[in-house]
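Colleague: Before I use this model for anything, I would like to understand the terms that describe it. Could you take me through them?

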Amino acid sequence: MSRQEKIIEIVKRVSKSDVAPDPEESLFDSGYLDSFALTDMVGEIEREFSIVIPDADLTPRRFDSIERIDSYVARLADSNA
Amino acid sequence: MAVIVAFGRYLPDRVLRSDDLAVRLGVDSAWITEVSGIQERRVAGDDETVVEMGVRAGRDCLARVDANPGLVLVSSGTPGRRFPGPAAEIAHKLGFAGIPAIDLPVASAGSLFGVVLGAQLASAYGPVLVIASERMSEVAMAEPLDKNMAILFGDGAGACLIHTDAPGLEIVDSVLHSDGSWAGDLQLGLTGPLHMNGPTVIMQAARKLPGAISELLKRNSMLPGAVAVFVMHQANRNLIDRAARVLDVPAARFYANIAKYGNTSSASMLIAASEWREANAPASGDQVCMAAFGAGFHWGAVLLTARA
């Protein structure tokens with residue numbers, strides 16, 4: 001499973017949705033995530049990819065779409081490598 | 001050794017139920033309960049100013065203990081005027097004109113900061129009366145109504161008296177943090193509406209609140225399960241439950257009265273502590289943890305141990 005596929009599975013699980021969001025779709029505007037679901041999702045991403053997301057990076061915009069999350073996780077993983 | 005020897009509170013009589021507010025906002029009352037856990041809140045009348053509510057909470061606190069303060073600390077993010085803040089007037093109306101009275105315009109975390117400062121200052125000034133008083137409904141329900149804001153807040157005041165070498169809740173240790181890089185995400189300007197970037201505030205609070213509690217407990221070689229009760233700033237029921245989940249503690253161990261009063265900003269933690277203490281007599285040695293997070297951002301936690 002690719003990184004993006006794993007992220008989609010997390011979003012589906014946290015949002016309790018059977019439908020996968022489009023990669024560019026806003027997860028807030030489309031109703032997949034609210035503030036608390038977003039927080040849960042961040043925790044699941046940290047566990048799934050064994051990363052620690054710094055508090056300074058905890059802004060909704062950074063996690064507003066599958067593509068944004070994917071590129072952020074890739075950047076963070078690279079910087080930790 | 002600094003000890004909280006008494007708590008006090010004042011809540012306005014007027015109740016605004018979520019059912020009634022929902023009609024006004026054109027939303028489903030079940031939505032209000034789902035996103036916040038709030039079923040009703042208190043709304044202050046014209047004569048229930050921040051000063052008046054603070055005085056009444058202070059009186060309620062002092063009526064429970066045989067001591068007078070040597071210092072008054074007052075937290076309010078809704079003082080009603082730029083200066084002077086309410087501290088000196090509250091001290092005067094309580095009959096303590098002449099003793100130092102200091103304002104803490106720290107908003108939601110203000111009472112926690114007040115307790116920590118009071119613990120440090122009690123040995124120098126004598127008993128410290130910490131009061132937090134807020135009229136949040138005024139700013140949250142200002143027109144044009146923002147439903148996400150209007151549902152959350154209520155009015156009220158809380159208080160505690162910190163003494164030295166007395167029975168009560170000994171303030172064992174504390175952690176305080178501030179980070180002004182988030183100042184714009186939750187603010188009330190000199191004019192204009194309350195601004196809250198809800199998702200950012202919740203993401204940060206959901207991380208920083210349990211983080212501060214963990215930091216404090218780790219420093220004292222304790223696990224969260226060893227704490228008898230957690231009394232947090234009553235910001236949102238979902239946030240309280242989430243903190244319990246992160247700390248792996250049953251949610252029932254987090255005292256919560258947000259369903260009755262909503263978020264009363266800095267007053268909420270002391271109102272909750274006052275109600276909890278009135279209904280419970282902790283055994284000697286019981287550990288209590290208070291925590292708060294709010295605008296600034298300011299956040300932290302305090303560890304207390306019951307002493308007979």
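Colleague: What makes strand 1 and strand 7 of chain B a pair, and in which sense do they run?

Modeller: This is a predicted model, in which local features need pLDDT of at least 70 and side-chain atom pairs count only at pLDDT 80 or more, while totals for chains, interfaces and linings use all residues. Residues are numbered from 1 along each chain as its sequence is written, chains are lettered from A and ligands numbered from 1 in the order in which they are written, and side-chain values use heavy atoms, with hydrogens and water left out. Strand 1 (residues 2-10) and strand 7 (residues 155-164) of chain B are joined in the antiparallel sense by eight bridges; pairing asks for at least two DSSP bridges, so the two strands count as a pair. Within this pairing, Val3(B) faces His163(B) of strand 7 of chain B.

Colleague: Why do strand 5 and strand 12 of chain B stand at the edges?

Modeller: The open sheet of chain B has ten strands in the order 5-4-6-7-1-8-14-13-11-12, with mixed pairing. Strand 5 (101-104) and strand 12 (254-255) of chain B each have a single partner strand, so one side of each has no neighbour in the sheet. Strands here are DSSP runs of E of at least two residues, helices are runs of H or I of at least four, and both are numbered from the N terminus.

Colleague: How do you know whether chain A agrees with a compact globule or departs from it?

Modeller: For 81 residues the rule (2.2 Å times the number of residues to the power 0.38, over C-alpha atoms) gives a radius of gyration near 12 Å; chain A has 12 Å, so the value agrees with a compact globule. Chain A has three helices and zero strands, and its C-alpha atoms fill a box of roughly 35 × 30 × 20 Å along the principal axes.

Colleague: What is the omega of the cis peptide bond between Phe83(B) and Pro84(B), and where does Pro84(B) lie?

Modeller: Omega is about -5° for that cis bond, and Pro84(B) sits in the loop between strand 4 (71-75) and helix 4 (86-93) of chain B.
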